[in-house]
Amino acid sequence: MAIKLNEDKEVVRKIREGLIEKGGYCPCRIPRTKEYKCMCEEFRKQIADPDFEGYCHCMLFYKTKG
């Protein structure tokens, strides 16, 4: 298993800008709750799932299975 940034540098740049503007909260979500603080609770649960492979909600991070 590995967690890496999206290979699309423009996506990474935009999401990081949004994270700065929202104080570290997911720029793709309206509420500013602890569940949406980057790295969000949803993606942490996906990381814990050995069968999950894919992007987090905002597509900043990618989890591989191997």
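Is Cys26 buried or exposed? I looked up its relative accessibility, which is 4%, so Cys26 counts as buried (under 20% relative accessible area; exposed is over 50%, partly exposed in between, with a 1.4 Å probe and protein chains only).

Basis. I worked on a predicted model, where local features need pLDDT of at least 70, side-chain atom pairs count only at pLDDT 80 or more, and totals for chains, interfaces and linings use all residues. Residues are numbered from 1 along each chain as its sequence is written, and side-chain values use heavy atoms, without hydrogens and water.

Cys26. I placed Cys26 in the loop between α1 and α2 (helices are DSSP runs of H or I, at least four residues; strands are runs of E, at least two; both are numbered from the N terminus). Leaving out residues up to four places away in sequence, I found that Cys26 touches Leu19, Tyr36, His57 and Cys58 (contact means heavy atoms within 4.5 Å). I also checked Cys40, which is 14 residues from Cys26 along the chain; their C-alpha atoms are 7.4 Å apart.

Arg29. I found Arg29 in the loop between α1 (9–21) and α2 (41–48). Arg29 is buried too, at 14% relative accessible area. Beyond four places in sequence, Arg29 touches Lys22, Tyr36, Glu42 and His57.

Helix α2. I noted Phe43, Gln46 and Ile47 as buried in α2. Down the helix axis, the buried residues of α2 fall within an arc of 105°, so they line one face (the arc is that of the directions from the axis to the C-beta atoms). These buried residues pack against β1 (2–5), β2 (54–55) and β3 (61–64). On the other side of α2, I found Lys45 and Ala48 exposed.
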